[in-house]
Amino acid sequence: MATKIIKVGALARVEGEGSLYVRIKDDTVTDVRFGIFEPPRFFEAFLVGRDYSEAPDLAARICGICPVAYELGAILAMEDVLGVTVSQPINDLRRLIYCGEWIESHGLHTYLLHAPDFLGLADALELAKVDKPLVERALRLKKIGNDILEIVGGRAVHPVNLKVGGFYRSPRKAEIRRLRDDLKWAIDESEASAKLFSGFDFPDFEQDYTFIALRHERDYAIHQGRLVSNRGLDVPVSEFLDHFDEEHVEHSNALQGYMKAGTSPYMLGPLARYAINHDRLSERARAAARSAGLGPVVLNPFRSIIVRAVEMLQACEDALALVEGYDEPDRPAETATPRAGVGHGCTEAPRGVCYHRYQLAEDGSILDARIIPPTSQNQKAIEDDLRRVVEANLDLAPDALQWRCEQAIRNYDPCISCATHFLTLTVEWA
């Protein structure tokens, strides 16, 4: 009986450390372990005892790529506890800054972290050598997203202008309007990106996923909506823990998310949002998807690079509409009064649903905090994909199989994507 062991060594820059272990016996994958060895960061613990108003800025530090996801998730949960309802202009500003985060994150991931896989290049540095204008366009896209964060949020990384109830300061109309020309360029460039990526050679690989995403009554959901699946789930955010939870597995220090009903893993992120909210896309975004060869549902995770480009186009269009329609709010924030209770918040980080739950004391101090990021929820789906990818590619040479596994991981997450360029692979034949 032939046994093959595939070991992928320590990963860097993955919210901790990651590894991949695959055991193959008689051309059957008998074990797959995708581990993220995230050291304790204690965010939930050191939020306890803090004032509710401190949670957004502290939670934002969880991630430097998508801080608004954590910041706004905490804000929405606190407003749920305190009974705060914000005005439409404030809500529009929140969507605008979140569009900025999607633009910079999707621009970074698609061009600089994921595209090299399909071009046979090791990384973005090699891409710059063969196509410098392409990398320059990618960096301009990312900068436009960062500019939105800076104008609305005060700075591009870990914005400081958001608070429970709204903003510390309303941006001036002239500041917001300066974004128009760049966003018009970004719309055209995002559309061109979807067309460019559609020409890549994609592995023949599909899965019948359980998709989970927010769905809004009107918009392509980013920071508002109900939790919806493609299997019939449709519940308010407050019921998240009734349907989802996390568990510890021996081979990983990061908790893994799971659905309480059923045994299959679930997927968050671009493919899930696209399938559940396809009818909420703009006409131009839907046309770009069709031109790129996408139907209303995409089951090949390797094509997520195209879906991200379509989402980037949607975010640019939404941002431009918000910029052109912007009027300064009558006041930058609604008043929040401390009280005891439990609140829930959920947003769509670029990588998927990011959930927050907080319990407050009467004075507004935090008694309990629970934050479930998209990475932990996607871990089981990543493992399942890796198992099936290896099974479908047993004939590949070790280096080629390593490359394919790296691609499979990069389909999911910019943080993991950055790290998997540095995978080391050992193949042991027994």
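The structure is a predicted model, in which local features need pLDDT of at least 70, side-chain atom pairs count only at pLDDT 80 or more, and totals for chains, interfaces and linings use all residues. Residues are numbered from 1 along each chain as its sequence is written, and side-chain values use heavy atoms, with hydrogens and water left out. The chain holds 15 helices and 15 strands; helices (H or I, at least four residues) and strands (E, at least two) are DSSP runs numbered from the N terminus.

**Overall make-up**

- Of the 430 residues of the chain, 58% are buried, where buried means under 20% relative accessible area, exposed over 50% and partly exposed in between, with a 1.4 Å probe and protein chains only.
- Contacts (heavy atoms within 4.5 Å) between residues at least 6 apart in sequence join residues at least 24 apart in 69% of cases.

**The sheet E12-E13-E14**

- Three strands form an open sheet in the order E12-E13-E14, with antiparallel pairing; two strands pair if DSSP finds at least two bridges between them.
- E12 and strand E14 (366-372) are the edges, and each has a single partner strand, so one side of each has no neighbour in the sheet.
- From one strand to the next, the twist averages 15°.
- E12 and strand E13 (residues 352-360) run antiparallel and are joined by nine bridges; a hairpin links E12 to E13 through two residues.
- Ala349 stands opposite Gly352 in E13, and Gly345 has His356 of E13 as its bridge partner.
- Six bridges connect E13 to E14, which also run antiparallel, and Arg357 stands opposite Arg370 in E14.
- The hairpin of E13 and E14 has five residues between the strands, and Gly364 there takes a positive phi near 90°.
- E13 is largely enclosed by the rest of the structure, because eight of its nine residues are buried.
- Helix H13 (residues 374-392) lies across E12, E13 and E14 and runs at about 130° to E13; axes are lines fitted to C-alpha atoms, for helices over the stretch in contact, and angles run from 0 to 180 degrees between N-to-C directions.

**The sheet E8-E7-E6-E11**

- Four strands form an open sheet in the order E8-E7-E6-E11, with mixed pairing.
- Its edge strands are E8 (234-235) and E11 (266-267), each of which pairs on one side only.
- Strand E6 (residues 210-215) and strand E7 (residues 226-229) run antiparallel, with four bridges between them; Leu214 has Leu227 of E7 as its bridge partner.
- Helix H10 (residues 270-277) lies across E6, E7 and E11, at about 70° to E6.

**The pair E9 and E10**

- Four bridges join E9 to strand E10 (residues 256-259), and the two run antiparallel.
- Strand E9 (residues 244-247) has a covered face, formed by Phe244 and Glu246, and an uncovered one, formed by Asp245 and Glu247.
- The bridge partner of Glu246 in E10 is Gly257.

- Helix H3 (residues 67-82) has 16 residues and should span 22 Å at 1.5 Å a residue, and its end C-alpha atoms are 23 Å apart, which agrees; the expected span is 1.5 Å times one less than the number of residues.
- Of the 16 residues of H3, 15 are buried, and the helix is followed by Gly83, whose phi is positive, near 70°.
- Arg95 lies in helix H4 and counts as buried at 8% relative accessibility.
- Leaving aside residues up to four places away in sequence, Arg95 touches Asp219, Tyr220, Ile222, His223, Asp318 and Leu322.
- Arg95 and Leu322 are 227 residues apart along the chain, and their C-alpha atoms are separated by 8.4 Å.

**Pocket and cavity**

- On a 1 Å grid over the protein atoms alone, a cavity is a set of points where a 1.4 Å probe fits but cannot get out, a pocket is an open set with protein on both sides within 12 Å along at least five of seven lines, and lining residues have an atom within 4 Å of a point.
- Grid points are joined across faces, edges and corners, and a volume is the space filled by probe spheres set on the points.
- The second largest pocket holds about 460 Å³ of space.
- Of the 19 residues lining the second largest pocket, Leu76, His223, Gln224, Gly225 and His344 are the closest to its centre.
- H3, helix H4 (88-119) and strand E12 (341-349) each give two or more residues to the lining of the second largest pocket.
- One cavity of 30 Å³ or more is found in a search of the whole structure, and the largest cavity holds about 70 Å³ of space.
- Residues lining the largest cavity include Met267, Leu268, Pro301, Arg351, Asn378 and Tyr412.
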